[in-house]
Amino acid sequence: MVYVYGIVSLVRNYIYVGMTNDPERRIFEHNNKENRSTKAYAPFELIFLGEYETRIEAHLVNSADDIRDDNRFNKRKPFKQISPDFGA
């Protein structure tokens, strides 16, 4: 299985979207500042987790162009479409 996850920084205006085969380990790494691109923004809270059969399927369903955007409001939009309860 492949997982696409979204995490939001609890201290700064920053959302990170990634792909992994072990989401628990990956989020632990983010929160323990083991990832160079996210360590300045730790700690994080999980806001989205999707499960897919292949990396190709995960990438097609969660296009980086749709999820990653400079505007935080736009970053939340795809998550709301996938999970109506997000942000409520």
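1. In this predicted model, His30 belongs to helix α1, which spans residues 23–31. His30 has a relative accessibility of 0% and therefore counts as buried, the cut-off for that class being under 20%.

2. The side chain of His30 takes part in two polar contacts that deserve a look in the viewer: one, of 2.7 Å, is made with the side chain of Tyr5, and another, of 2.8 Å, is made with the side chain of Thr38. Leaving aside residues up to four places away in sequence, His30 touches Tyr5, Ile7, Tyr16, Asn35, Thr38, Ala42 and Phe44.

3. Tyr5 and Ile7, both among the residues that His30 touches, point the same way from strand β1, together with Tyr3 and Ser9. Val2, Val4, Gly6 and Val8 point the other way from β1, and the residues of both sets are buried.

4. Which strands pair with β1? Strand β3, residues 44–52, pairs with β1 in the antiparallel sense over 8 bridges, and within β3 the bridge partner of Ser9 is Phe44, a residue that His30 also touches. Strand β2, residues 15–20, likewise pairs with β1 in the antiparallel sense, here over 6 bridges, with Tyr3 standing opposite Thr20 of β2. β1 and β2 form a hairpin, and 5 residues lie between the two strands.

5. The largest nonpolar core consists of 9 residues, namely Val2, Val4, Val8, Ile15, Val17, Ile47, Phe48, Tyr52 and Ala58. Two or more residues of this core come from each of β1, β2 and β3. Another core, of 7 residues, lies apart from the largest one and includes Ile7, Tyr14, Tyr16 and Ala42; of these, Ile7, Tyr16 and Ala42 are also touched by His30.

6. The C-alpha atoms of Ile56 and Val2 are separated by 9.4 Å, although the two residues are 54 residues apart along the chain; Val2, for its part, is buried and is a member of the largest nonpolar core.

Conventions:
Residues are numbered from 1 along each chain as its sequence is written. This is a predicted model: local features need pLDDT of at least 70, side-chain atom pairs count only at pLDDT 80 or more; totals for chains, interfaces and linings use all residues. Side-chain values use heavy atoms; hydrogens and water are left out. Buried means under 20% relative accessible area, exposed over 50%, partly exposed in between (1.4 Å probe, protein chains only). Helices (H or I, at least four residues) and strands (E, at least two) are DSSP runs, numbered from the N terminus. Two strands pair if DSSP finds at least two bridges between them. A nonpolar core is a set of buried Ala, Val, Leu, Ile, Met, Phe, Trp, Tyr and Cys residues joined through side-chain atoms within 4.5 Å. A polar contact is a pair of N or O atoms within 3.5 Å; within protein, one must be able to donate a hydrogen and the other to accept it, and residues adjacent in sequence count only if both atoms are side-chain atoms. Contact means heavy atoms within 4.5 Å.
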